[in-house]
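Biologist: Could you help me to read this structure, step by step, with the general idea of each feature and then the case at hand?

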Amino acid sequence: MSADARQTYAEIGQSAGLSAPAVHERVKRLREAGVLRGSTAVLDAQAIGKPFLAFVHVDTEGWGKSERMMTLRRFPEVEEMHSVAGDTGVIMKVRTQNARAMEHFLSQLYILPGVRGTKSYVVLSTYLERAIQPLATENWPDIPLPPD
């Protein structure tokens, strides 16, 4: 179901060996439990005019999650915002029309108190981009390191 949210309960049931009403009931329980939070359309960035993608690391004084930093959520260009451990306070996934629009976004960052600097990593190619996957690897392969 995570691969195509347009499938009917009957189609999901056929691949899972369940009836459509049984699938409906399970989906209902997953929604109530908060496991399924909704279904979304996957937009093509090029087609909607926002092909310029960057991951922006924001170096902050203290903890990065300030009330002012959270105001950046109002810009639709901000797709993700994460508080992280390491040498930066916040990482954002930002998608704009072009480099000039990214520059305008970055200017909004620099006027925020507590922002000391940014590092932007512009994406040249995307090899994998997917939603959260329900499965987890249980047995990681034992890959030997190359000899010295």
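Modeller: Contact means heavy atoms within 4.5 Å, and in this predicted model residues 24 or more positions apart account for 63% of the contacts in the chain with a separation of 6 or more. Residues are numbered from 1 along each chain as its sequence is written. Local features need pLDDT of at least 70 and side-chain atom pairs count only at pLDDT 80 or more, while totals for chains, interfaces and linings use all residues, and side-chain values use heavy atoms, leaving out hydrogens and water.

Biologist: How many helices and strands are in the chain?

Modeller: Helices (H or I, at least four residues) and strands (E, at least two) are DSSP runs, numbered from the N terminus; the chain has four helices and four strands, in the order α-α-β-α-β-β-α-β along the sequence. The radius of gyration, taken over C-alpha atoms, is set against a globule rule of 2.2 Å times the number of residues to the power 0.38; here it is 21 Å, well over the 15 Å that the rule gives for 148 residues, so the chain is more spread out than a compact globule.

Biologist: At what angle do helix H1 and helix H2 pack?

Modeller: Axes are lines fitted to C-alpha atoms, for helices over the stretch in contact, and angles run from 0 to 180 degrees between N-to-C directions. Helix H1 (residues 9-16) and helix H2 (residues 20-32) pack at about 100 degrees, with axes 8 Å apart, which makes H1 roughly perpendicular to H2 (65 to 115 degrees; under 35 is roughly parallel, over 145 roughly antiparallel, and the rest oblique). Tyr-9, Ala-10, Ile-12 and Gly-13 of H1 meet Ala-20, Val-23, His-24, Val-27 and Arg-31 of H2 in this contact.
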